[in-house]
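I opened the notebook to go through one fold, piece by piece. The entries follow in the order in which I looked things up.

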Amino acid sequence: MSTIALATATGVHPSALGRTLRLLASAGVFESQASLWAHTELSRLLRSDHPQTMRPYLRMLGSRLFWSAAGELEHAVRSGAIAVGKLAPEGMWAYFREHPEEGQLFDAAMTSRSNADIASMIPALDFTRYESIADVGGGRGNMLAAVLAAAPAARGVLFDRPEVVANVTPAERMRIQGGDFFKESPPAVDAYIVSRVLHDWADDEAVAILRSIRSAAPSGSELLVLESILPESPEPHPTKVLDIIMLLMTGGHERSEREYQMLLEASGFRLDRVVATAGPVSAIVAVPT
């Protein structure tokens, strides 16, 4: 389509849209074909009908709260406090509870990101080794449903805050258990999945979450922490960008393999192995000590 046709369809200014598309095309998002614009592999991820759509995640990053928090980076760097605190003193989680429409966008964004993680994680790990699996902080259950589909003999427990799981329809062989991982422990199972949870929290809170799991973990069980691992070398890396988003929004941070090992040891676990996937997430596998 031409710039004018796109601008007419979307109700935006043609020249401003054309300049924006030109910049995006230089990064491989959309393609310029003479006087027309075409999709690329990257831009198709912005469509709602793509099976691995990232549209909600990009909409979240461009939302008023996230965009405004980026302008408060100076506050975070000077004080060490989260930037979003300047805009929502009660913090991001309370803000979403008070602004349900934005909270729904956040939930949709986390679902789209988990779908992308699932596509790279399932081929990298053998979940058929476990008879029972708990997804701690598992949100809407997308990750656990995919894991159970890959391990047809396993049973699963979705463990998250009661208000998060209240309206979740469980998949086959999945049980729902509401609970606060700072106050309550998940059930005893063979494997615990903690997917993109720890990076939301500072070290003390991350250790508290892991200790809660350790108090329930039987001998012989495994903990699978799914996170992007921060390289300790100086090259550019997307996890370094994500780390600044954590500084802005949650008060957590991305961690190196060595830092995850220290968290695990402080919580009663031993790092056993790290399994890379085709995506940005690695599985940090630990066992109780």
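Which residues in α8 meet which residues in α9? I found T111, S114, N115, D117, I118 and M121 in α8 meeting N142, M143, A146 and V147 in α9. Contact here means heavy atoms within 4.5 Å.

Ground rules. The model is predicted, so I note that local features need pLDDT of at least 70, side-chain atom pairs count only at pLDDT 80 or more, and totals for chains, interfaces and linings use all residues. Residues are numbered from 1 along each chain as its sequence is written, and side-chain values use heavy atoms, with hydrogens and water left out. Helices (H or I, at least four residues) and strands (E, at least two) are DSSP runs, numbered from the N terminus.

Entry: α8 and α9. I looked up the geometry of helix α8 (residues 100-121) against α9: the axes come within 9 Å and cross at roughly 25 degrees. Axes are lines fitted to C-alpha atoms, for helices over the stretch in contact, and angles run from 0 to 180 degrees between N-to-C directions. The pair therefore counts as roughly parallel. My scale: under 35 degrees is roughly parallel, over 145 roughly antiparallel, 65 to 115 roughly perpendicular, and the rest oblique. The crossing of α8 and α9 is right-handed (the near helix is turned clockwise from the far one by less than a right angle).

Entry: the sheet. I traced seven strands in an open, mixed sheet, ordered β5-β4-β3-β6-β7-β9-β8. Two strands pair if DSSP finds at least two bridges between them. β5 (174-178) and β8 (269-276) are the edge strands, each pairing on one side only. The twist averages 20 degrees from one strand to the next. Helix α9 (residues 142-150) packs on this sheet and touches β3 (132-136), β4 (155-160), β5, β6 (191-195) and β7 (222-227). The direction of α9 makes about 170 degrees with that of β4.

Entry: β9. I checked both of its pairings. Seven bridges join β8 and β9 (residues 282-288), antiparallel; R273 has V285 as its bridge partner. β8 and β9 form a hairpin with five residues between them. Five bridges join β7 to β9, also antiparallel, and here E227 is partnered by S282. Is β9 buried or exposed? Seven of its seven residues are buried, so β9 is largely enclosed by the rest of the structure. Buried means under 20% relative accessible area, exposed over 50%, partly exposed in between (1.4 Å probe, protein chains only). S282, I284, A286 and P288 point one way from β9; A283, V285 and V287 point the other way.

Entry: α13 and α11. Helix α13 (residues 257-266) lies across β7, β8 and β9, at about 145 degrees to β8. Helix α11 (residues 203-214) packs against α13 at about 55 degrees, axes 9 Å apart. That makes α11 oblique to α13. I listed D203, A206, V207, L210 and R211 in α11 meeting L263, L264 and A266 in α13.

Entry: two loop residues. A88 sits in the loop between α6 (73-79) and α7 (92-98). At 1% relative accessibility, A88 counts as buried. G137 is in the loop between β3 and α9. Leaving aside neighbours within four places in sequence, G137 contacts F159, D160, F181 and V197.
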